[in-house]
Amino acid sequence: MDEYRKFAGVYDILLYPFLHSVRVKTTHIASQLQPKSIIDICCGTGKQLKYLKSHGFENLEGIDLSVSMLNQTQKGENPVNCREGDATAMDIPDNSYDMGIISYALHEKPKETAQQIVREATRIIRPSGYLLVVDYAPDNAVNSLAKGMVHAVERIAGKDHYHYFKKYNQYKGMDGLLPAEKLDQLHGFNLGTSQLRVYKM
Ligand SMILES: C[S@@+](CC[C@H](N)C(=O)[O-])C[C@H]1O[C@@H](n2cnc3c(N)ncnc32)[C@H](O)[C@@H]1O
């Protein structure tokens, strides 16, 4: 079942106020790191890749499970190259990309699934490449207005999404998912409702 079928057409418009600054920040970081190839894992509508493409990046690819989200990748001025695939078991050779991005995909998954997506990402990024992960900051790191807004969005996204989002909060978000001792963190930013981390492989 395509969980995003109902939202795919309005996803980018609805979330623009929350996500625009994150897309810009991600593009800025990529401009500093200068990867020659980037894969967006769980790319959704391909919006982050479109920002990167409009800033001159080439060799951009995305992978996602949702056909309705993937259909959106072809719309607008900067269509991007994305394909259907499961991020927990990607049909991609080891060490294929200079950089991987995972944005807002981990909070809505069971912890083991989220960690498997990260493991797969680290497999397909080459040594000395980068993994950029951006996702919600846990409740204890945001003010009550931000917390209310994010909880409202996740409730609308559906029962399962909200269930796993609450679990994500219980284990303190990205810090609970991505133990510092296993990944070499290069940068960390708090971006209002979100946290962004860059890891070096
Ligand atoms: C909240 S959306 C985020 C999309 C995009 N990364 C963004 O920043 O807007 C989560 C995306 O993860 C995708 N997804 C969830 N599980 C996946 C999996 N196992 N493999 C590939 N994509 C998956 C969903 O289809 C959806 O497009």
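I began at Ser103, where a side-chain N or O atom lies 2.6 Å from an oxygen atom of the ligand; a polar contact is a pair of N or O atoms within 3.5 Å. Taken alone, the ligand exposes 590 Å², and the protein buries 95% of that (Shrake-Rupley areas, 1.4 Å probe).

A note to myself on the source: this is a predicted model, with local features needing pLDDT of at least 70 and side-chain atom pairs pLDDT 80 or more, while totals for chains, interfaces and linings use all residues. Numbering runs from 1 along each chain as its sequence is written, and side-chain values use heavy atoms, leaving out hydrogens and water.

The side chain of Asp64 has an N or O atom 2.6 Å from a ligand oxygen.

Then I listed the neighbours. There are 17 residues around the ligand, and Tyr11, Cys42, Asp64, Ala87 and Ser103 come nearest (near means a heavy atom within 4 Å). I sorted that shell by class: eight nonpolar, four polar and five charged residues.

Last, I checked the cysteines. With a disulfide taken as two cysteine sulfur atoms within 2.5 Å, I found zero disulfides. Cys42 is in none, as its nearest cysteine sulfur, in Cys43, is 8.0 Å away.

Terms used: A polar contact is a pair of N or O atoms within 3.5 Å; within protein, one must be able to donate a hydrogen and the other to accept it, and residues adjacent in sequence count only if both atoms are side-chain atoms. Ala, Val, Leu, Ile, Met, Phe, Trp, Tyr, Cys and Pro count as nonpolar, Asp, Glu, Lys and Arg as charged, and the others, Gly among them, as polar.
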